[in-house]
Structure formats: C-alpha cells, structure tokens
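Please look over the structure below. The notes that follow take up its disulfides, its salt bridges and its surface in numbered points.

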Amino acid sequence: FASRCSTVGTSLLLQVTKMKMLSGVAALLLVASVVRAAPSGFTERTIFEDPRMNDLSFTSDERMFVIQKMGLVSIREPGVNYQYENGTNVLDIVEMVCYENERGLGGLALHPNFDSNGWIYLYYTYPKFGNCDEGNAESGPVNRLSRWVWNSALNEIDPDSEVVLLDTPPATEAMHNSGKIEFGKDGMLYVTIGDQGISDRAQELDSVIGGMVRLTDEGDIPSDNPFANDPEGVRCNETGRGDGKCQELYAVGLRNPFRFSMNPNTEGNKVHFFINDVGASKWEEINEGGDDFEDNSVFNYNLGLQNFGWPEREGPCKSGENSGCDDYEGYMHPIHYYEHQGGGAAVASTFVPEGVWGGQYDNKYFFADYIFDKVYTFDIDGGTDCAECSPATSGKDPVTFMDYERVVSMKFGPYIGGQMALYFTSHADGGHMGQVICDVCPISGSGNATAGGNGTAVAPPSAAPSAAPSAYVLPVRPDGEGGYPGVLFPWNSGGDCPSAYDFCGVIEFCMGENSWDTGPVYGYRLPCPDGETCECNGIPGPLIRLIPGNVYRLTLRNAGTEVTNLHTHGLHIVGDGDGDDVVREVNGGGNCLDYTWDIKEDHPAGTNWYHAHLHTISEKQVGGGAFGMLIVEENPNLDPVLPSWAGNELLLQVSVNVYTDEMYANGRKNEVIDIAANQWYRLRVSLVNANALPYNFTFLDDGTCEIHKVAQDGIWRSTVPGPMLNIWELTGASRADFAIKCNTTDTLVPILYRDEDPIANIWVGPEEYSIFTMEEWQPTRPYAISDMRGETVPEGNKFAVRLGFDYVNDERFDAMIPIQTIAYDQVHEWVLQQTWFHPFHMHLYHMQIVEPGGCGDGHDEGEIYDTISAPANCTVRFRTADIGQRCVLHCHVLFHEDSGSMSWVNVTGDGMPMNLVQSPEY
C-alpha cells in the first residue's frame with residue numbers, strides 16, 4: 001500500500017487513535033491513559049510516557065526538550081496533533097547525577113536566543129567529591145547550575161560543552177534541592193535553591209542555600225543585584241559560600257522552592273514571578289517577587305533583598321502557628337497560602353499567557369499540589385488578604401481546575417491553529433507527559449507567544465496557518481462512552497505532501513459482512529497497514545476537519561471489492577477535474593483515487609458530511625455505513641469574533657441502516673450525551689438517511705431546555721440565535737447546529753425518538769461555572785451566499801426543476817448530457833417542484849429561499865440551504881460564484897437517485913477558473 005497510495009509516509013497509517021469525552025464535551029485522546037477529571041470544555045490527555053520527567057521547555061520551532069530525574073535530556077518533534085510521541089535522547093549525564101530521594105536532574109531552561117546561540121541550562125545534583133553520600137558537610141554532593149551548547153548538526157547537546165556557573169555547598173540531606181530555572185524578561189537567569197534540609201541556612205547571606213539566585217546568561221553578577229555593589233559582597237559561585245554577602249542572591253528565606261514561574265504578561269522588561277515554596281508542618285505558600293508588583297507597605301516589603309521569612313515564618317505566620325499572623329517583622333508576606341489539613345505540597349505552577357484559551361483565564365495562575373492530587377487556579381489580583389483572621393486567609397479562594405496525580409511541572413506550549421495547550425509532567429503511573437486542550441476556545445492569537453515564561457517565543461504551528469485562529473480543538477470520544485465515535489482524520493502537511501497542497505492524507509473505503517446487525521457493511525477508516533486485518537465496523541467514518549484558505553489532497557483507497565467514490569456534501573468546491581466530481585470512480589482491491597479540495601479563504605464555516613456517491617449503488621453503500629462528519633472550521637476572514645459558546649461543541653450524527661431500518665445516534669441505539677446545567681452548548685447534528693425521511697428533534701417543552709437552531713446545512717442563520725422552539729424537523733440529508741442550554745440538573749432529556757424508543761438523549765448534570773452567554777449576532781456571509789433577494793434575475797436565468805422517482809424534468813441521468821448550461825458568476829432563480837417526496841440537493845452552491853414567507857416546515861425566507869424538502873413549490877436563488885463546470889443536482893432519496901433522479905448543469909462563462917486535471921486511479 002505504501003508504494004501505491006501513500007505520499008504521506010507509513011507513520012500516518014500506524015497512528016493509533018482512541019477517543020473519549022470529559023464532562024460532556026467531546027474531546028480528543030490520542031493514547032490510552034487513566035481518566036482524570038478535567039473541567040467541562042477541556043480535554044486532558046496523556047501524550048507520551050517516560051520515567052520521572054521533571055521539566056520541559058519549547059523551542060521557537062515547537063520542539064520540546066524534556067529532562068528526566070536520572071540525568072537524561074531528550075528532544076521531541078510535535079508530530080501528529082502535537083502528541084510529541086517520538087523522542088530522542090540528546091544528552092546522557094546519568095553517571096554525573098545523584099538521583100536518590102529528591103535529588104537528580106531537576107531544572108531546564110533554554111536561552112531566549114537559543115536559535116542563534118544554542119545555550120541550554122541544567123540544574124542537577126553532582127557528586128563533586130566522588131560520591132553521592134549525604135551527611136558530610138564537606139564532601140557530600142552539590143547542586144550544580146551549568147550551561148551547555150546544542151549541536152544542531154548532530155542533533156545533540158555537546159557533551160563536552162558544559163560550563164559550570166554555580167555550585168551549592170555540599171548537601172547533608174537528600175532533600176530540598178529545588179533547581180527551577182527561568183529567564184526573566186530582563187534577560188537574567190533566575191534559579192531557586194532549597195535549604196537542603198538545614199532550615200537555618202535560609203537566612204544566611206554568605207550562602208546561596210535557601211535563596212533565589214540571579215545571574216547573567218554568562219554566569220556573571222547583574223549590576224543591580226542586591227549585593228552587587230555592597231562592600232561586603234563576594235562571589236559564591238564556586239562553593240556556594242563566601243566570606244561576605246553572596247552577590248548571586250536575589251532573595252532569601254525559602255525552604256523548598258520546588259518551582260517558580262515568570263509572569264509572561266508584564267510590560268517591557270518588567271520581572272514578576274510567583275514561587276511555590278513547599279511548607280513544613282502548617283502551611284503551603286506561594287510568594288510574589290520581582291520588580292513588577294505592587295509594593296504594599298502594610299507588608300513592610302524590603303525590595304533591596306526579598307526575604308520570604310523561612311525558617312522564622314511559614315506561610316503567613318510565625319513558624320508552627322496558624323493565628324496572629326499580622327506581624328510581618330520585615331518579611332515578605334505570601335501572595336497565597338493554605339493550611340496543610342493533613343498534607344499538601346504546592347509544586348508545579350504557571351501563569352496563563354494573555355489571550356490563551358479565549359481570554360477566559362487571563363490574569364490567572366495555575367498551581368498543582370503534589371499531595372492533594374489537584375491543579376488549582378486563582379485570579380492574580382483577586383481577593384482580600386486577612387492575615388489577622390483565625391485562621392489567616394489570602395482571600396484568593398482557588399478553585400480546582402482538574403484532578404491529577406503527582407504533577408511536578410507545568411508550562412503552556414504550542415498547539416493546533418495557533419492555540420496553546422497546557423503541558424505538564426506527572427510522576428504518576430511511572431511518569432508521563434500530559435496535555436490540557438481547551439475545546440471551547442476560539443483562537444484570537446497566542447497571547448504574547450511565550451511558552452511558560454521561559455522567554456522562548458512560540459510561533460504558530462506550521463501545520464495550521466495563522467489565518468485560522470478559530471480552529472477549534474477536535475471533539476471526539478470513543479464508542480461506548482457517548483459522543484461521536486469516529487477517529488479524527490490525521491492530515492499531514494509540509495514536506496510530507498506534494499508542493500501544491502497544504503495538507504494531504506489517505507482514507508480507506510472498506511466492506512464487511514453482517515457486522516452491523518445484519519446485511520452488508522460499508523465504511524470509511526484510516527488505512528489498514530499492510531499485512532494486518534482491520535475491521536469495517538459500519539459506524540461513522542473518521543471526523544474530517546478543514547481550515548479555510550488551504551488546499552487539501554485526499555487519497556481514497558478502495559479496500560473493498562466494489563467500485564466506489566467519495567462526495568463532500570456541503571463544500572463549496574469545484575465539481576469537475578480532481579474536485580468533487582461524483583462521476584469519477586475507483587475500483588476495489590487497493591486502488592486509489594486522488595481528490596483536490598480547494599477550500600477558499602472566504603469559505604463559510606459549518607457542519608457537513610461526506611459519503612459514497614456512485615450512481616446506481618449509492619443507496620446501499622451510504623445506507624450500509626459509508627459516511628462520516630466533515631467540519632469546516634470557523635473563518636476569521638469572515639468573522640474575527642464569534643459568540644463565546646460557538647466552540648463549546650457536541651457532535652451528533654444520526655443514521656439509519658438501509659438493510660435493517662435500525663436507527664443509530666453516533667453509532668449507538670441509545671446515545672446519551674452529558675452536559676452541565678445552565679451552560680450553553682453548540683450541538684452539531686448531521687442526519688444520514690439514504691431514504692431522506694424527515695425526523696423531528698424534540699426537546700422538552702416544560703422549560704427544562706432552551707433550544708435555538710443557529711445554522712442549517714452548514715451555514716449560520718442570518719441572525720443568531722434565531723427562533724426558540726422545542727421541535728425541529730430535519731430531512732435525512734440535512735445538518736443543523738443548535739444552541740442549547742438546560743437548567744434542571746440530574747435530568748434525562750430525550751431529543752430523538754424512533755417510534756416510542758429514545759435514540760438520542762441529553763443528560764443534564766450538575767451546574768458548572770458558566771463562561772458563555774447568549775447574545776444576538778449577525779454572521780458575515782461571503783459573496784457567494786450574500787443576500788440575493790434584491791437582485792434582478794434575467795429571464796434566461798430562471799428555470800423550473802421537477803423531480804420524480806427516476807427522472808429530473810422527465811430525463812434520466814446521463815453523465816454526458818447536462819440538463820442545462822447556465823452562466824458563471826450570476827444569480828439564478830429556480831422553482832423546485834415535488835421536493836416533499838423527492839428532497840432536492842444541489843452540489844457546489846447553496847440556495848437562498850426567496851419564496852415570500854418561506855416554503856414551510858422550517859424552510860425560512862432569506863435563509864440558506866443545500867437540501868430542500870418542502871410541502872409546496874419553493875422558489876430559490878443561487879449565485880454561481882468562484883467555481884463552475886459540472887454542478888450535480890438530484891433527489892436525495894438515494895434509491896431514486898440510483899434509479900435516474902439525478903442530473904447536472906454545466907456552468908460556463910468568462911473569467912471562470914477551470915479545473916481540467918483529472919488524475920486516473922492507480
């Protein structure tokens with residue numbers, strides 16, 4: 001197969017994709033992992049596993065460096081959907097690292113100019129005197145900060161390039177090493193060092209123990225360090241000690257500052273950071289420092305040397321106490337603190353870059369508690385501190401963002417479409433890298449494009465052009481758990497595709513025997529690797545998502561025995577050449593056929609579908625399972641700002657098996673989709689019925705739910721949200737998007753019945769904090785579907801179409817003879833007849849209903865459709881813009897279409913682009 005059909009490499013074929021849904025929002029999971037509780041609207045997934053990963057950092061070209069506790073450094077490429085699944089070890093210093101207990105390789109940072117100088121900084125426990133034994137203040141191991149150089153030619157860190165910048169005094173205990181490294185916006189290098197188990201050291205100014213160190217990138221002393229110009233100032237870099245005040249010190253009074261984070265949202269070169277200092281017996285604390293935060297004099301801040309108080313103070317109080325904490329005695333008061341209550345260890349942390357995740361988490365700080373197995377968030381400027389209260393409180397009131405075990409590091413990094421994801425290392429289950437994706441966030445840019453505050457700019461992904469900031473994360477979950485069961489179709493890009501294409505990929509048509517209850521089975525799947533046997537299970541095919549402004553090449557491989565083809569229902573692409581030409585076909589036995597999908601920059605976003613469309617056998621192939629959902633992402637070229645709920649997606653594809661007459665919702669006979677109460681969702685619905693019968697989607701009319709139809713046939717309504725009804729009818733080839741909110745918790749809401757049996761249901765769960773509001777919105781329509789009601793239509797552009805069982809205007813389908821030739825880039829007016837029993841569908845162009853008062857049964861005047869089934873004659877207009885040539889029209893009762901109720905018009909005219917290249921099967 002690889003030699004016959006693939007131009008994307010066999011790695012595409014070997015991708016194993018598993019899906020899940022979290023808290024009722026469909027989401028993507030790429031490898032198996034323990035299910036943890038991410039919040040509604042977000043997906044948590046494990047993207048790869050490695051033992052004891054301690055930290056990570058990103059390069060400007062989106063590669064990820066990872067360090068492991070025992071002394072390994074690896075680099076990883078983003079890969080498919082930013083899984084970073086393939087890693088290469090680029091430095092092995094295991095023989096140089098003491099990694100028992102809390103020791104090991106603990107810190108990593110890339111220079112802000114890494115692209116040009118290749119400098120990498122590491123912090124690790126080093127047996128300087130030949131052993132890793134603790135207990136000896138003179139010969140125990142030290143914690144070392146050093147700089148290394150990346151060799152791009154060899155794709156490794158030069159093992160001979162180490163420059164030692166700082167050694168701590170020998171450690172007498174194998175704990176409290178710290179070692180987080182970050183560059184500040186001032187270009188200086190900041191490192192936190194623990195008290196190494198000896199608490200009194202944290203107040204000693206002649207040692208770097210229990211402090212924060214600040215150096216230049218060469219390891220020198222910045223001129224504005226607290227003791228840089230002090231007469232008693234000395235260098236302490238060689239031994240971690242000195243005969244005076246260590247000029248490396250920027251802050252003191254820290255116990256175990258395991259992690260700290262730079263705020264990427266400050267102006268200019270201002271430095272602002274939070275330090276997570278793991279507490280002792282009473283309190284966990286987060287300290288604020290830098291030169292860009294409010295100097296609140298009530299706390300008696302001494303900004304010459306920032307002293308956080310340990311061991312005199314723990315949290316807001318004197319050590320060991322939990323009340324009477326308003327006497328700060330010249331020490332800096334923590335920005336947040338909380339009592340242990342049987343445990344607690346505030347470790348990993350990160351600020352949220354502005355604009356990431358749709359701005360809903362702007363000004364937020366995330367931190368993980370290693371003992372409580374939770375990730376929390378709070379507003380940086382929120383709350384009122386009350387140190388005099390009993391117990392004392394910071395007023396921050398953190399909320400749980402997600403439940404997760406043993407998180408030790410967090411950082412925002414690159415993701416699809418310019419989005420950023422939260423990456424984190426966990427020591428649970430042997431060690432793995434996790435990723436949190438916002439499923440409901442329209443992309444408005446990547447904030448200040450800083451990954452976790454390490455100063456490294458993160459460019460938009462090369463596989464997702466910056467012109468598509470509204471490319472939402474992919475909502476899919478596995479069969480048996482509810483939600484759309486099809487895998488996400490994995491597009492390849494760049495050098496893996498021919499130069500004329502932005503993206504390319506291979507999809508496989510398959511056949512089975514009686515595995516979908518009874519009758520033959522058809523379907524689409526990711527290609528089956530050579531030598532393996534793969535099922536053809538008859539559930540919806542892979543979910544295909546497209547971004548406007550890109551050219552795609554889809555290779556259809558026919559692994560069945562029957563001839564077939566593929567049609568995109570709803571796309572505005574050419575119907576000839578290698579485009580969406582349903583006359584083309586590909587034989588079985590592994591033959592391939594290439595399709596070109598040129599998605600214009602002003603292509604409307606919407607919910608569509610794809611299916612087999614070979615005349616005479618389309619009914620049995622579609623009715624047997626050869627279909628899937630296709631979504632065009634929101635288009636910022638048309639609407640840079642979308643309703644807040646527009647990305648809070650749920651997917652529902654309803655289908656009927658033509659052989660058994662069984663109805664399925666997302667491949668199941670009784671689908672249940674979970675939502676949270678009082679939260680707006682966008683429910684995308686595709687109804688696939690080879691007989692095109694209409695069905696009613698019925699929502700309770702007792703006030704339980706509010707439901708609006710906001711889009712039809714892949715096009716937003718002219719005004720959103722539009723009317724509110726509890727019953728909506730869809731024809732068996734149509735799509736609709738609904739905005740839905742239900743307000744009664746612990747309620748099952750059936751929305752689709754077959755006879756008296758519920759097929760699709762919504763379970764309304766507990767209420768969650770709502771981040772979405774419903775506001776009126778008028779979408780921008782591109783020229784091709786802009787309002788045509790005021791246009792003057794020439795008489796020659798008016799036509800009547802009458803459909804029957806085996807004809808269109810009394811003529812059976814002939815692939816060589818069009819029913820009419822019509823003009824390019826003009827408005828045409830047609831009267832559609834007999835669509836009630838013969839639903840009319842037009843390829844290439846959407847139609848606007850201009851019949852005064854509409855055509856009944858949900859066909860509203862002024863709205864846009866591509867499939868119409870009306871009880872009376874219906875007058876429509878369409879504009880033959882952008883593309884032309886073969887435009888197919890037919891009855892969407894596929895048995896009728898197979899019998900001859902299909903035709904086509906030939907669109908011609910000056911200035912029309914021509915697509916004449918039609919590659920043969922191979």
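1. Cys 528 is buried, as its relative accessible area is 8%. Buried here means under 20% relative accessible area, exposed means over 50%, and partly exposed lies in between (1.4 Å probe, protein chains only). A disulfide, meaning a pair of cysteine sulfur atoms within 2.5 Å, joins Cys 528 to Cys 534, with 2.1 Å from S to S. Cys 534 counts as partly exposed at 30% relative accessibility. The link of Cys 528 and Cys 534 is right-handed, with 80 degrees about the S-S bond.

2. A word on the source: this is a predicted model, in which local features need pLDDT of at least 70 and side-chain atom pairs count only at pLDDT 80 or more, while totals for chains, interfaces and linings use all residues. Residues are numbered from 1 along each chain as its sequence is written, and side-chain values use heavy atoms, with hydrogens and water left out.

3. How many disulfides does the rule give? The count comes to nine disulfides. One of them joins Cys 98 to Cys 132, with an S to S distance of 2.0 Å. This pair links distant parts of the chain, 34 residues apart: Cys 98 is in the loop between β7 (87–92) and β8 (105–110), and Cys 132 is in the loop between β9 (119–126) and β10 (142–151). Strands (E, at least two residues) and helices (H or I, at least four) are DSSP runs, numbered from the N terminus. The link of Cys 98 and Cys 132 is left-handed, with -85 degrees about the S-S bond. Cys 98 is buried, with a relative accessible area of 1%, whereas Cys 132 is partly exposed, with 29%.

4. A disulfide also joins Cys 705 to Cys 742, with 2.0 Å from S to S. Here too the pair links distant parts of the chain: Cys 705 lies in strand β47 (residues 705–712) and Cys 742 in strand β50 (residues 735–742), 37 residues apart. The torsion about the S-S bond of Cys 705 and Cys 742 is about 100 degrees, so this disulfide is right-handed. Cys 705 is buried because its relative accessible area is 12%, and Cys 742 counts as buried at 0%.

5. Cys 887 counts as buried at 0% relative accessibility. Cys 891 counts as buried at 0% relative accessibility as well.

6. Next, the charged pairs. Side chains of opposite charge can pair when their charged atoms come close. A salt bridge is taken as a side-chain nitrogen of Lys or Arg within 4 Å of a carboxyl oxygen of Asp or Glu. A search of the whole structure finds 43 salt bridges. Among them, Arg 103 and Glu 100 meet through their side chains at 2.4 Å, N to O. Arg 103 is buried, with a relative accessible area of 1%, while Glu 100 counts as partly exposed at 30%.

7. Which parts of the chain does the pair of Lys 411 and Glu 182 link? Lys 411 is in strand β30 (residues 407–414) and Glu 182 in strand β13 (residues 178–183), distant parts of the chain that are 229 residues apart. Their side chains meet in a salt bridge of 3.8 Å, N to O. Lys 411 is buried, with a relative accessible area of 2%, and Glu 182 counts as buried at 1%.

8. The side chains of Arg 877 and Glu 829 form a salt bridge of 2.8 Å, N to O. Arg 877 in strand β60 (residues 874–879) and Glu 829 in strand β55 (residues 827–833) are 48 residues apart, so placed that the pair links distant parts of the chain. Both Arg 877 and Glu 829 are buried.

9. Salt bridges also form a network, which links Arg 545, Glu 633, Glu 634, Glu 649, Arg 682, Arg 684 and Asp 737.

10. Lys 669 is placed in the loop between β43 (663–665) and β44 (671–676). With a relative accessible area of 40%, Lys 669 is partly exposed. Lys 669 and Pro 758 are 89 residues apart in sequence and 8.4 Å apart in space, C-alpha to C-alpha.

11. On the surface, Asp 200, Glu 204, Asp 206, Asp 243 and Glu 312 gather in a patch of negative charge. Patches are made of residues with over 30% relative accessible area and no salt bridge, with like charges joined within 9 Å and nonpolar side chains (Val, Leu, Ile, Met, Phe, Trp, Tyr) within 5 Å. Asp 206 is found in the loop between β14 (189–193) and β15 (212–215), and Asp 206 is partly exposed, with a relative accessible area of 36%.

How values were computed
Areas by Shrake-Rupley, 256 points an atom, 1.4 Å probe, with all protein chains shown as cover. Lys, Arg positive; Asp, Glu negative; His and termini not counted. Charge placed at Lys NZ, Arg CZ, Asp CG, Glu CD.
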